[in-house]
Amino acid sequence: MVVMKMIHSLFLINCSGDIFLEKHWKSVVSQSVCDYFFEAQEKAADVENVPPVISTPHHYLISIYRDKLFFVSVIQTEVPPLFVIEFLHRVADTFQDYFGECSEAAIKDNVVIVYELLEEMLDNGFPLATESNILKELIKPPTILRSVVNSITGSSNVGDTLPTGQLSNIPWRRAGVKYTNNEAYFDVVEEIDAIIDKSGSTVFAEIQGVIDACIKLSGMPDLSLSFMNPRLLDDVSFHPCIRFKRWESERVLSFIPPDGNFRLISYRVSSQNLVAIPVYVKHSISFKENSSCGRFDITIGPKQNMGKTIEGITVTVHMPKVVLNMNLTPTQGSYTFDPVTKVLTWDVGKITPQKLPSLKGLVNLQSGAPKPEENPSLNIQFKIQQLAISGLKVNRLDMYGEKYKPFKGVKYVTKAGKFQVRT
Amino acid sequence: MPYLGSEDVVKELKKALCNPHIQADRLRYRNVIQRVIRHMTQGLDMSSVFMEMVKASATVDIVQKKLVYLYMCTYAPLKPDLALLAINTLCKDCSDPNPMVRGLALRSMCSLRMPGVQEYIQQPILNGLRDKASYVRRVAVLGCAKMHNLHGDSEVDGALVNELYSLLRDQDPIVVVNCLRSLEEILKQEGGVVINKPIAHHLLNRMSKLDQWGQAEVLNFLLRYQPRSEEELFDILNLLDSFLKSSSPGVVMGATKLFLILAKKFPHVQTDVLVRVKGPLLAACSSESRELCFAALCHVRQILHSLPGHFSSHYKKFFCSYSEPHYIKLQKVEVLCELVNDENVQQVLEELRGYCTDVSADFAQAAIFAIGGIARTYTDQCVQILTELLGLRQEHITTVVVQTFRDLVWLCPQCIEAVCHALPGCEENIQDSEGKQALIWLLGVHGERIPNAPYILEDFVENVKSETFPAVKMELLTALLRLFLSRPAECQDMLGRLLYYCIEEEKDMAVRDRGLFYYRLLLVGIDEVKRILCSPKSDPSLGLLEDPAERPVNSWASDFNTLVPVYGKARWATISKCVGAEHGGSELSHAAPFTISGHLISEENKERVQETPDSEAFMLVPNCQLTAEYFEKTWLSLEVAHQQVLPWQGEVHPDTLQMALQVVNIQTIAMSRAGSQPWKAYLSAQDDTGCLFLTELLLEPENSAMQISVKQTEAKTEKLNSFMSVLETVIGTIGDIKS
């Protein structure tokens with residue numbers, strides 16, 4: 001067993017290869033260690049393909065890629081890789097949470113807060129405070145108003161008192177929470193990952209669901225959430241606050257919630273007959289042999305949508321390299337084709353069943369080049385409000401331990417995850 | 001990001017920091033300090049304003065304090081004399097009424113990486129351990145480890161260690177975890193923090209109160225606890241059960257590993273656990289985070305080594321979506337290749353067939369190799385798909401298909417016929433060295449079944465002058481000679497031409513030698529050529545060697561949830577070795593002198609080394625770093641096991657000797673200077689069974705012999721002899737060089 005010395009240093013690198021921030025928790029590691037990372041980046045051609053674990057003669061680099069930024073951590077000894085990757089994502093999540101976006105500009109603008117956060121999140125290379133609500137008491141997030149006020153009064157954005165959560169016996173909830181309006185909201189969000197083959201039959205489909213909660217309740221409420229059909233859920237992972245035994249025996253989620261926003265559970269529904277596919281695509285894409293043009297024609301229609309409107313539809317297609325340009329006409333929405341990246345994007349909007357949206361026209365090919373081996377795959381995004389496609393329904397929410405009557409709400413939404421149609 | 005004019009920036013900031021008007025205006029002052037930090041974070045050298053920044057630390061503004069602390073921690077090692085000035089302020093802040101300030105000040109003080117700071121931080125740390133605010137205790141506990149590092153890791157403060165052990169019972173969960181981390185570092189010489197029964201059970205009971213990071217780490221610490229009875233073992237497993245369903249993949253993996261290790265004597269429990277984590281693991285494989293997917297996929301592959309059918313019904317989870325990054329696709333293809341069974345083979349092959357025409361040549365080739373792998377079991381279907389691929393006449397596809405064929409006919413002779421049928425025509429679409437070699441090899445070995453084989457080879461012979469790869473020419477020589485044996489009439493003439501070219505015109509020596517060799521062989525007579533060249537054409541038994549049967553879970557359990565599955569074992573061993581060697585005596589190697597060597601060279605690797613007949617059964621492990629104290633203690637407690645005298649002339653060059661010993665993994669503990677009389681050296685080495693060899697070299701003045709005394713921690717004569725022969729070789733060699 002080797003001493004776990006976790007994260008030694010962290011470098012933030014943008015897509016053009018500039019190291020724009022570094023932080024060292026133990027000794028300073030020279031920037032030159034990132035050369036190994038750049039080497040791998042060069043080899044990978046596309047930034048998306050840089051492997052997450054790279055070894056160098058003295059260190060290991062474990063990196064994540066988020067919002068066009070690389071978070072590269074320097075590790076000196078054997079570590080559990082998933083642990084480090086998870087932690088790096090937590091750092092990125094925290095930036096997102098604090099600054100509204102996790103971008104180079106936001107990080108540079110708030111560089112001082114970034115350092116304060118990194119200092120609190122890790123000490124001596126070990127993860128410390130990472131719960132958003134506890135961090136926010138240690139370091140207040142910037143708001144436009146506050147930065148104006150601060151600049152006038154010169155007051156600080158640091159809590160002057162110790163966060164109360166630090167003293168509570170339940171690590172995820174601070175003591176003495178008070179609200180005038182007591183509310184508990186749950187969002188059931190389901191994403192469909194699917195691969196549909198040429199003929200329209202499902203090769204693979206699965207639902208990844210989460211229940212995100214926003215709890216603003218005073219005191220120490222003890223909640224029980226039950227479902228109409230809990231047996232739907234295949235693999236469930238729980239927030240640490242949930243009493244596992246109770247779920248095992250009664251299929252009820254019983255917990256003292258953290259204060260504010262958090263993810264209550266995530267689950268999968270993978271038995272294929274349970275996964276409804278809400279859209280279908282009719283397509284005909286053809287490239288003629290020895291000709292400099294081809295035809296492109298796709299139509300989208302609703303299928304198994306449980307009577308709800310499908311909206312926010314976007315179709316993205318990576319066209320083959322030999323495609324020079326595309327001349328298309330959409331019946332609704334607008335499309336763009338980038339001749340450099342060869343990406344076709346069609347912003348469809350919503351489907352009205354009376355007139356199905358379609359996009360058709362001509363494809364200009366590089367003359368003389370052999371016709372593409374394979375037709376491109378279509379990547380589809382969509383959204384259905386008020387529906388959990390798995391059929392999951394919350395039955396009731398009960399609260400114990402407090403006297404007041406909270407306002408309760410549940411929202412459902414279904415989205416496309418990695419939804420791919422092969423042509 | 002150094003840029004022009006950086007000196008001006010520093011000068012300007014320095015002036016601003018000294019300006020009393022700015023100092024009086026709190027906001028402007030802080031802004032200047034922020035600019036200093038901003039430049040510092042961009043990698044600009046800001047150390048020259050250290051004095052001014054230290055002054056700025058005397059403030060009530062907590063943000064300004066934080067900024068200055070940050071600055072001091074970065075530059076203190078460069079300006080140790082000035083940093084001591086700052087310590088006064090920090091010391092004062094350590095007794096501030098605001099716990100936040102106390103914590104911050106203490107943390108910054110402990111992070112000042114410079115000599116001499118220990119004496120100032122000791123008292124504040126001890127006070128901090130008893131602080132009523134848990135925030136301060138957390139900082140103080142980790143501070144103990146930092147202080148210990150500053151002391152040069154030498155003596156362990158027993159009282160401090162006891163205090164930390166008692167703080168394991170602290171009510172704040174993070175203090176508890178920090179205690180473990182701190183003790184682990186302080187006690188690394190002794191093998192780290194001891195997890196005895198009361199501590200183990202205490203930690204187990206606190207698990208649910210910890211955050212995910214704490215849980216993951218405690219699970220890792222618990223690995224070193226051995227339950228006393230079967231009953232206790234199962235109690236522990238029951239307690240841990242819910243962590244297999246944690247929302248954090250890190251905790252799930254940590255819990256799985258602990259289960260696997262604790263239940264090492266109960267294979268059915270291990271299998272059961274792997275079934276239970278199937279869900280979470282599959283979820284991680286399709287996680288939003290591509291990096292998590294990757295790491296999870298690597299672990300899936302590891303599990304498949306022991307339970308090949310484990311994920312077979314979920315094979316569709318491993319189908320690639322085109323938008324995924326490469327490293328994930330490649331892992332998925334490997335997984336698909338491993339989980340094929342009778343039920344899913346059709347679908348998996350169809351899917352892989354689709355990848356073979358992917359835009360990315362690398363991915364397409366990986367898919368083809370995967371089909372080649374599956375072909376060992378499902379030969380006919382795969383060979384048919386591969387043959388169809390040849391029809392596409394794409395260079396990058398054809399070359400890999402032919403290479404796959406070459407590897408396949410060797411293992412599965414039943415497909416020779418089909419392969420031979422598919423080969424003609426391939427030569428038009430192969431340009432690279434690997435592909436040509438494979439094709440030529442196939443034509444040479446199986447040419448008697450391919451009607452136009454001599455004519456394809458003839459093309460290669462015609463163009464041999466413009467052939468750029470020597471390896472292809474070598475392959476061509478061998479292939480043509482082989483084919484000549486079965487079809488002499490068609491080959492004789494061009495064989496003559498090829499041999500002439502290779503002997504008379506070829507510039508590459510290896511090719512020329514090979515040509516000459518074959519020429520002379522032919523002079524000996526055709527029977528002799530046959531005897532030498534006609535070896536078996538296939539060997540199905542080799543397949544068993546290549547994919548060893550299902551490995552027991554215990555063979556990889558200790559590697560689970562480490563970087564080993566990500567790298568593959570063999571690569572990991574070399575990387576680690578390299579890290580260890582380059583680090584020499586630095587941090588890594590003395591982090592855990594005994595354990596580290598055991599961990600990096602895994603059990604399995606050791607066995608493999610022992611099995612191979614041409615390497616010795618005796619192996620010294622690298623990185624066996626003993627401290628001088630430990631060496632002395634052990635040396636004095638042991639009897640001399642072996643004494644020997646070797647001839648030696650003149651003086652010793654300690655550097656040369658030390659280096660030579662290093663090569664064979666014998667470490668030098670101490671050595672007299674060159675020329676001293678008598679000259680002495682103390683060496684240590686450890687073999688793969690953990691047996692230590694301690695050695696004294698003694699060179700008496702006016703005595704032309706080196707006296708060697710060896711002591712051994714375990715009395716094993718055989719090992720001792722092996723060790724002596726290694727040592728003799730080194731000393732003999734060095735002696736020879738000198739004389």
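Of the 423 residues of chain A, 57% count as buried. The model described here is predicted. In secondary structure, chain A comes to seven helices and 23 strands. Along the principal axes, the C-alpha atoms of chain A fill a box of roughly 75 × 55 × 55 Å.

Side chains of opposite charge can pair when their charged atoms come close. Over all chains, the count comes to 41 salt bridges. The table lists some of them.

| Salt bridge | Closest N to O distance |
|---|---|
| A:Arg268 and A:Glu206 | 3.0 Å |
| B:Glu417 and B:Arg449 | 2.9 Å |

Within chain A, the side chains of A:Arg268 and A:Glu206 form a salt bridge that links distant parts of the chain, 62 residues apart. A:Arg268 is in strand β13 (residues 260-269), while A:Glu206 is in strand β9 (residues 202-216). A:Arg268 and A:Glu206 are both buried.

In chain B, B:Glu417 forms a salt bridge with B:Arg449. B:Glu417 lies in helix α24 (residues 416-422) and B:Arg449 in the loop between α25 (433-446) and α26 (453-462), so the pair ties together parts that are 32 residues apart in sequence. B:Arg449 is partly exposed, because its relative accessible area of 39% falls between the limits of 20% for buried and 50% for exposed. Salt bridges that share partners also join A:Lys23, A:Glu119, A:Glu120 and B:Arg107 into one network.

Other charged residues have no such partner. B:Lys711, in strand β5 (residues 705-712) of chain B, is buried yet has no salt bridge. The nearest side chain of opposite charge to B:Lys711 is that of B:Glu639, 7.1 Å away, whereas a salt bridge requires a nitrogen and a carboxyl oxygen within 4 Å. A polar atom of the B:Lys711 side chain does lie 2.8 Å from the backbone oxygen of B:Trp635.

A:Arg295 counts as partly exposed because its relative accessibility is 43%.

Technical notes. Residues numbered from 1 in each chain as written. Chains lettered and ligands numbered in written order. Predicted model: local features only at pLDDT ≥ 70, side-chain atom pairs only at ≥ 80, totals over all residues. Heavy atoms only, no water. Buried < 20%, exposed > 50% of the residue type's maximum accessible area, 1.4 Å probe, protein only. Helix = DSSP H or I, 4+ residues; strand = E, 2+ residues; numbered from the N terminus. Lys, Arg positive; Asp, Glu negative; His and termini not counted. Polar contact = N/O pair within 3.5 Å; in protein donor to acceptor, adjacent residues only side chain to side chain.
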